[in-house]
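Colleague: Hi! I'm new to this one, so could you walk me through it?
Modeller: Happy to, let's open it up.
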Amino acid sequence: MSDAPDAADASRPIEVPNDDTLMEKVVGLAKRRGFVFPSAEIYGGFRSTYDYGPIGVLLLRNVKDAWWRAMVQLRDDVVGLDAAILSPPAVWEASGHLRNFTDPLVDCRQCKERFRQDNLPDPTTCPNCGAKDSFTEARQFNLMFKTHAGPIESDAAVAYLRPETAQGMFINFSNVLNASRKKPPFGIAQVGKSFRNEITPGNFVFRTREFEQMEMEYFVPPEEALRWYEYWCRARHDWYVELGIPEAKLRLRAHDPDELSHYSSGTSDVEFLFPWGWGELEGIANRGDYDLTQHATHSGEKLDYFDQATNTRYTPHVIEPAAGATRAMMAFLLAAYDEELVRGEVRTVLRLHPRLAPYKVAVLPLSKKDTLTPVARDVLARLQPHVMCDYDETQAIGRRYRRQDELGTPYCVTIDFDSLEDRAVTIRERDTMAQERVPIEELAEHLRAKLGL
Ligand code: ATP
């Protein structure tokens, strides 16, 4: 298209913003373009809670779908589950969360601020007011949200919002085993909300009190645990790389023995290089038979497996890859953010993997003319059954391209006046800004092949 305002040869990369400004820019873009809004903003906001806007809801869904595809759809040894969020104390008694899911809290006697003791840069100095030795003794604070089920706020009515999705898989072990006719090694996967009354939420959606997790419990014969642990560490690391996180910004870090929980014989974290340093995206843990044994003991139900081939009964060991969907979304956003100079102007572009991109295609009639609209609408209707599309007919075409670049849309399809004659349209690529002309009849197939989905 000759009058297109940008062309590949006019661009040259500039430095990606340094780490201090990157966060600010991504958070600004997220708000401006409808990825993530601070929650309850019209009432002054509600600290560290966020709402996912029209674009963010698509991105987050794509992250979860990509996980589900890799963990469930492309395998025959993993099945899904969607367990309840509200749960009785018995579950958390057995899992150990009522006793152990705590953070040590200290208060500064001078300024009255409260901190997580294990997060203090200097345990003798208040990071807020600078007072020396002003902290109270640490006390343990349970991170679970407690509520009451039903009209009476008695102890008998206490319920908890789950702080992780994992327990739903353990307490349904027998149900799933019987219903699915799987046998170890097999897994149960779940995506859903979890709640933790975090003392120090922050860093945008990195740590929030309400967040989404993507967890899988993989049940294996005990002697195969180590092999599967190593398998899942590698597989989960590679999943982020396949979806576009540069390997240099990703690492698999094995926990030191003193970091391990008492039941774990090995835990590794997939970490991403956030602007403030390395941070956990996902933990992969070799949990032994701890969870099934705890629930079997507390409930009195058998939670084991009878292997007919060998005529033996055993409690499977568990390998758990536990990821955060909202945290992963943030990492994908940070890794995708890029700026380059095009004809003296900064072009901001989210180089998201096509599988994650909120819109795969934007349909843009060159102008808002009655003659172009019907063709553009026809093009949109041809693409919508296949991929998520945006449709935008106002503003100069150059500005509309820039908007799609900021949303991470891999392809724009422009309908111009020639389209009325030759029944062809222009495809413009996000990353290179290269353009090509394609017949409308072949468009859907052509784009599907280019997207590679
Ligand atoms: P952290 O050490 O960061 O608090 P964790 O080790 O307690 O995390 P897990 O219990 O292993 O986290 O949970 C699995 C995943 O769930 C984490 O790797 C992270 O991606 C996500 N996650 C946990 N807590 C939060 C939170 N408060 N906000 C957003 N995501 C979270």
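Modeller: A quick word on terms: the domain bounds come from an automatic or database domain assignment. Also, please keep in mind that this is a predicted model.
Colleague: Okay, which domains does the assignment give for the protein chain?
Modeller: Domain 1 covers 36-91 + 168-333, and domain 2 covers 359-451.
Colleague: And how far apart are the C-alpha centres of domain 1 and domain 2?
Modeller: Those two centres are 38 Å apart.
Colleague: Let's switch to the ligand. Which residues come nearest to the ligand?
Modeller: There are 16 residues around the ligand, and the nearest are Phe211, Gly283, Ala322, Gly324 and Arg327.
Colleague: Which strands and which helix supply at least two residues of that shell each?
Modeller: The strands are E12 (210-220), E15 (277-288) and E18 (317-324), and the helix is H9 (325-336).
Colleague: Which one gives the most?
Modeller: That's E15, with 4 residues in the shell.
Colleague: How many of the shell residues are nonpolar, polar and charged?
Modeller: The shell has 7 charged, 5 polar and 4 nonpolar residues.
Colleague: New topic, sheets! In what order do the strands of the open sheet with 3 strands come?
Modeller: The order is E7-E6-E8, with antiparallel pairing.
Colleague: How many bridges join E6 to E7?
Modeller: E6 (residues 102-107) is joined to E7 by 3 bridges, and the two run antiparallel.
Colleague: And what stands opposite aspartate 107?
Modeller: Arginine 114, in E7.

Key. Residues numbered from 1 in each chain as written. Predicted model: local features only at pLDDT ≥ 70, side-chain atom pairs only at ≥ 80, totals over all residues. Near = placed C-beta within 6 Å. Nonpolar A, V, L, I, M, F, W, Y, C, P; charged D, E, K, R; others polar. Pairing = 2+ DSSP bridges.
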